[in-house]
Amino acid sequence: MKRNLLKNIFLSLCLVVFPMGMAAKQEATVTSPSGNLTLTAGVDKAGRPYYSLSRGKEAILLPSYLGVKLKDGSLDSDFGVMGFVRATKDETWHQPWGEENDVRNHYNELTMKLAQRKGLKRQLTIVFRVFDDGMGFRYVFPEQKNLKHFVIMDEETEFCFKGDPEAWTLPYDADYYEGLWTKAPLSKKQKVCTPITIEAKPDLYMMLHEANLTDYASLNVKPVETKEGNVRMRAELVPWSNGDLVRAKAPFVSPWRMLSVENNAGGLITNRVMLNLNDPCKIKDTSWITTGKYVGVWWAYHMQHATWAIGPKHGATTENTKRYIDFAAQHGFKGVLVEGWNYGWEHDWGKEGDKFNFTKAYPDYDFDGLQKYALSKGVSLIAHNETGGAAKNYENQLEAAFTLYEKMGIKAIKTGYVNKVMDNKELQHSQYGVRHYRKVIETAARHHIMVVNHEPAMPTGLQRTYPNLIASEGVRGQEWNAWDGNGGNPPYHLCVLPFTRQLAGPIDFTPGIFKLEGQVYPQTHPHTTLAKQLAEYVVIYTPWQMAADEIENYTGQPAFAFIEAMPSNWQRTVIPAAEIGKYIVTARKDRDSENWYVGGMTDEQARDVDLKLDFLTPGASYKAIIYKDGPGAEYDKNPYPMTIDQQIVNAQTVLKLHMAKSGGFAIQLIKQ
């Protein structure tokens, strides 16, 4: 069961409600527990709700308006404040898996109760939570006489930033969120997805996103005004096909709109405001939720060495899968993913996803026999469920499929939605899609099944509530290095992801490609050195990591020892050095031992790093096994040279490390 390490909960309520009129004060402030951040909320003379945020005496968000428009009226003006409610909370909760063991959830809360003065006199409540390192707010639609079933047609949430800071963003029209993140002033952006990572000044970094996306449309934002050098961003939700944004019934709550605030770029990675804004775990017994590593019949398809559909080059055969099971067992991997095992791939599956069958295997794939064989070797199959975007077809088979998988002892599935329109009508990231993804996660939880979701809604911290949602894709991942006509992911890409997409949640990036030459197209291949491929295992976080290459490419490779040794569950994470888009060094402590693992990587520029090991236990010695770029290594011309060194180190040691162009290093630190 999830352990709740509740240290202290103190609720201080101060409610002033005027049932027959408005509160005398139409504005209130709330500070974070240490006083680092201050949020002000209220209504202006026109009754428009607003808020602002400052750090000390420094404005971060100028007064920004709030509200929604409904199909039958507006909830954005003519409000009076009926009262304010204050509360505070300080708890520490345990993660079944994660980048650290425990998370402190400490905030002060201000609830602003609003009622319209005229017309239907509808009520709206806005709840603000302020942490020392960020804030969040959400709309609450109380049950009331004049608001039952309703449709949101526009969310008027604003974020008015002081100045025009630089931001890393992804365009809204990037299919499946698989685009390149780019940096430019906020005023120069078009409509973009969240999260947005903002470099406001040398000591001010922020991340704008949403938390707890439940039965709502996904959030995007766009600049709507630049005035006096300040930029006003506004919410843009993904609609249903008829233009509705959100269909709801009171009582109802929106997701949290959130902003994390840090003094340095590395702090964004260890910021937990998003997780804390999600509901506590709803799975009573989480003992079946595990972490680990897996291999799979996957990269061979992208290399065009095999096919998903049955035929002469079919990859998902009994014989081929046994090879992968044997390899997994030999090297201590827990899972084997096999794509193309079930009926449906023989059709134009991107358009005919309703032909997929999630229980019926192709005749050359002994589904039940292979799982029994895997279990006999301490391994398990990971069932692949590509839907082609046919959500209803998948939902109609969920119970039968998950019941079968549970009976077989399959603990994890990987889903896919290669069609950005679900059921030939609704966008994936609309409320329709969000409802579908949640149904899959909740159904899987009942059957003790973990989910890796490809082509997902952008993650928003739901793994706190449903830790069986172990990872998502939603990223321009490794497969782009197989067939992208432009050559693959650029060298800086991996140095951007930890500060952008990864802030939303674990990424199934599928690292570990050891054969680095172009195979489908000569110019298309991973633009990294071999050492940087190892660094991906530490820098890019997921609780289930894949060794993604074809298994024969690992034979005789000394570098594979690092992947064998790597855990994927952590008790502590630190970022010793980083600059967004240029380089990053990540250090993580194994949850089940006193050992540490460090990964460093750079963009197309070679770099030298002086790595302080001051995160190690004082007074203890560690054996460092260092995998680093060797003489002459360079990502495009000579990616393979690697030097493997060993030395004894401690917390006072400073390692001098050279990273080649788009190179890196990986270090195993074994406590002596």
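Helices (H or I, at least four residues) and strands (E, at least two) are runs assigned by DSSP and numbered from the N terminus. The model is predicted, so local features are considered only at pLDDT of at least 70 and side-chain atom pairs only at pLDDT 80 or more, while totals for chains, interfaces and linings use all residues. Residues are numbered from 1 along each chain as its sequence is written, and side-chain values use heavy atoms, without hydrogens and water.

**Figure 1. Overview of the protein chain, with 11 helices and 40 strands.** The radius of gyration (taken over C-alpha atoms) is 25 Å, close to the 26 Å given for 672 residues by the globule rule, so the chain is as compact as a globular protein of that length. The globule rule is 2.2 Å times the number of residues to the power 0.38. Along the principal axes, the C-alpha atoms fill a box of roughly 80 × 60 × 45 Å. Of the 672 residues, 62% are buried. A residue is called buried under 20% relative accessible area, exposed over 50% and partly exposed in between, with a 1.4 Å probe and protein chains only. Contacts (heavy atoms within 4.5 Å) with a separation of 6 or more come to 71% from residues 24 or more positions apart.

**Figure 2. Helix α10, a mostly covered helix.**

**Figure 3. The aromatic pair of Y51 and F128.** Rings of Phe, Tyr and Trp (its six-membered ring) pair if their centres lie within 6.5 Å; planes under 30 degrees apart count as stacked, over 60 as edge-to-face and the rest as tilted. The whole structure contains 38 such pairs. Y51 and F128 form a tilted one, with 6.3 Å from centre to centre and 40° between the planes. Because Y51 lies in strand β4 (residues 49-55) and F128 in strand β10 (residues 123-131), the pair ties together parts that are 77 residues apart in sequence. Y51 has 0% relative accessibility and counts as buried; F128, at 0%, counts as buried too.

**Figure 4. The aromatic pair of F514 and Y554.** The ring centres are 4.9 Å apart and the planes stand at 80°, so the pair is edge-to-face. F514 belongs to the loop between α9 (493-496) and α10, and Y554 to the loop between β32 (544-546) and α11 (560-565), so that distant parts of the chain, 40 residues apart, are linked. Both F514 and Y554 are buried.

**Figure 5. Two cis peptide bonds, at P195 and P251.** Most peptide bonds are trans. The bond from T194 to P195 is cis, with omega near 10°, and P195 sits in the loop between β16 (192-193) and β17 (196-201). The bond from A250 to P251 is also cis, with omega near 0°; P251 is placed in the loop between β21 (246-249) and β22 (252-253).

**Figure 6. Positive phi at H448 and S662.** Most residues other than glycine have a negative phi. H448 has phi near 55° and occurs in the loop between α7 (431-446) and β30 (450-453). With a relative accessible area of 31%, H448 is partly exposed. S662, with phi of about 50°, occurs in the loop between β39 (654-659) and β40 (664-671). S662 is buried, with a relative accessible area of 0%.
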